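Hi there,

Here is the structure I promised to send over. Have a look at it first, and my notes follow below.

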Amino acid sequence: MSMSNAAKYGFRKSFPFNVGVWLGFLIVVALCAVFSTLLYELIPSIKPYMLVLGAVYILWLAWSIWRDRPHEDKKRGLSSTTTVFAGTVLQFVNVKGILYGMTTMSSFVLPYYRDIPTIALFAVILATAGFLCTLLWALCGSVFERFFKNYSKVVNAVMALLLVWCAWTMVSELWA
């Protein structure tokens with residue numbers, strides 16, 4: 001969405017959405033830390049089910065991108081998808097972000113750190129890294145707007161195939 005908003009409305013007008021992504025993701029990562037701590041203490045065998053659920057969602061995204069059609073030029077007016085609120089709320093239904101938060105917290109932070117200030121610091125670092133990545137996506141959307149419009153079928157096919165590969169790597173971890 002960051003790239004799409006920047007392609008439609010420009011980098012500057014899509015910036016509030018990206019700030020919302022940062023804010024929402026910060027909250028989601030903090031909740032993931034709490035949730036994954038409880039989940040792994042109560043049900044340690046849940047990881048395979050979470051991987052499959054995440055892979056299914058990513059395959060749905062790939063299908064949606066594959067079927068997507070080019071959008072009309074909307075550069076003049078702004079959409080409700082460019083607001084801080086939209087970026088924040090999106091993070092609560094962004095399964096990729098939730099999986100990222102759950103995976104990083106449960107695999108790389110919580111096994112080594114248990115104090116709340118350190119966990120909060122990692123949440124800020126992860127959210128800021130995500131924010132910088134969404135800004136990069138927005139910059140790419142803004143810079144490559146004409147390319148995306150002219151070659152939308154090819155771009156969508158490549159993006160969909162990359163998502164399928166991502167889902168495959170998640171599920172193949174079950175057999176490793």
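The axes of helix α5 (residues 95–109) and α6 (116–143) come within 12 Å and cross at roughly 135°. Axes here are lines fitted to C-alpha atoms, for helices over the stretch in contact, with angles from 0 to 180 degrees between N-to-C directions. Angles under 35 degrees count as roughly parallel, over 145 as roughly antiparallel, 65 to 115 as roughly perpendicular and the rest as oblique, so α5 and α6 are oblique to each other. Helices are DSSP runs (H or I, at least four residues), numbered from the N terminus.

This is a predicted model, where local features need pLDDT of at least 70, side-chain atom pairs count only at pLDDT 80 or more, and totals for chains, interfaces and linings use all residues. Residues are numbered from 1 along each chain as its sequence is written, and side-chain values use heavy atoms, without hydrogens and water.

Now to the loop between α6 and α7 (145–150), where you will find phenylalanine 144.

Valine 171, in helix α8, which spans 152–172, is buried at 18% relative accessibility. The C-alpha atom of valine 171 is separated by 6.1 Å from that of valine 52, although the two residues are 119 apart along the chain.

Happy to look at it together!

Best wishes

Definitions and conventions:
Helix = DSSP H or I, 4+ residues; strand = E, 2+ residues; numbered from the N terminus. Buried < 20%, exposed > 50% of the residue type's maximum accessible area, 1.4 Å probe, protein only.
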